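Student: I would like to learn how to read a fold from its elements. Could we work through one chain step by step?

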Amino acid sequence: MPKKLLTSAALVAFLMGLAACSDDAEDPAGQGGDASAEQEGESPEMPEADVSDIPDVVADVEGEEISGEEFTAIYEGQFQQMAMQAQMTGEEPDQDELKSQTLDSMVGNELMIQDAADSGHEASKDEVDELLKNAAEEGGLESVDDLVASAEEQGQSEDQLRQDAHDQVLLEKVIDDLEVDEPSEDELRDLYDQSAAQQQGGEEGGGGEGSGGEESEMPSFEDAKPQLEEQAKQQAEQEALAQHAEDLREDADVETYLDS
């Protein structure tokens, strides 16, 4: 998936649902994970997202409302990801904290979209179509029509999907405007050492079945350097984007209505 696609919370929620549908197709119920569950006993139940207290409007951002329906769709996608992690760690997600984080992210996105428009940025139809084409390819789909069909199966209209993509294009232009320093050699080596330590820890924990020593061998620093540079750049962009959203919020008229 294009790295900047991850900026839009709405698109994240949709693509996470798309990935889940793809996983279900590859490992239908009654196979794969269920077999191991039978050996080890009953698997723990997945916690459910509590959206019973979500108001009709969760925030007003400079006169633009964020609806409870939009928040719920994104929150449930975020919660699904956290719940899957919780199954591995045994620690149930803190829903109040996650709701607050989700709302903060949505408010920040809305402020940056408004700022991009105020700065004269526009999202052309060609740019929106290109982003949707990339999203379809990364989702394992053959065309944008297939992407639209998948969105509609998840209850999202084509108009909403295209609006989310339009907003994403504007957010990408915000990122392009930010000044982000190139990663230093020391930063890249730190990332390399972290990756090496994580890989070693995974192998000591058992690794995956059929994984040979050669397949799991850590590449040299020089071979891994292009990927490390991309990873470091993405991290720097996300940090700069978060700071930009925080700066915009200081002077913005924002009201939130989500009970904590």
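Predicted model: local features only at pLDDT ≥ 70, side-chain atom pairs only at ≥ 80, totals over all residues.

Student: What does the secondary structure of the chain come to?

Tutor: The chain has nine helices and three strands. Along the sequence, they follow the pattern α-α-β-β-α-α-α-α-α-α-α-β.

Student: What share of the contacts with a separation of 6 or more is between residues 24 or more positions apart?

Tutor: Such pairs account for 77% of those contacts. As for burial, 33% of the 260 residues are buried. The accessible surface is about 16100 Å², and carbon and sulfur atoms contribute 41% of that area.

Student: In what order do the strands lie in the sheet, and is the pairing parallel or antiparallel?

Tutor: Strands of a sheet pair through backbone hydrogen bonds, in either a parallel or an antiparallel way. Here the three strands form an open sheet, ordered β2-β1-β3, with antiparallel pairing. From one strand to the next, the twist averages 15°.

Student: How many bridges join β1 to β3?

Tutor: Three bridges link β1, residues 57-61, to β3, and the two strands run antiparallel. Within this pairing, alanine 59 is opposite threonine 256 of β3.

Student: Which strands does helix α4 touch?

Tutor: Helix α4, residues 95-118, packs on the sheet and touches β1, β2 and β3. The direction of α4 makes about 35° with that of β1. Helix α3, residues 68-89, lies across β1 and β2 and runs at about 50° to β2.

Student: How far does α4 reach from its first C-alpha to its last?

Tutor: The 24 residues of α4 reach 34 Å, close to the 34 Å expected at 1.5 Å a residue. The two ends can be read separately. At the start of α4, a side-chain oxygen of aspartate 94 comes to within 3.2 Å of the backbone nitrogen of aspartate 96. After α4 comes glycine 120, with a positive phi near 95°.

Student: Why is alanine 86 classed as buried?

Tutor: The class follows from relative accessible area, with buried meaning under 20%. Alanine 86 has 9%, so this residue is buried. Alanine 86 sits in helix α3.

Student: Which residues does alanine 86 touch, leaving aside those up to four places away in sequence?

Tutor: The residues are Glu91, Glu92 and Pro93. Methionine 46 is 40 residues from alanine 86 along the chain, and their C-alpha atoms are 8.6 Å apart.

Technical notes: Residues numbered from 1 in each chain as written. Heavy atoms only, no water. Pairing = 2+ DSSP bridges. Helix = DSSP H or I, 4+ residues; strand = E, 2+ residues; numbered from the N terminus. Axes fitted to C-alpha atoms, helices over the stretch in contact; angles between N-to-C directions. Contact = heavy atoms within 4.5 Å. Expected span 1.5 Å × (residues − 1). Polar contact = N/O pair within 3.5 Å; in protein donor to acceptor, adjacent residues only side chain to side chain. Buried < 20%, exposed > 50% of the residue type's maximum accessible area, 1.4 Å probe, protein only. Areas by Shrake-Rupley, 256 points an atom, 1.4 Å probe, with all protein chains shown as cover.
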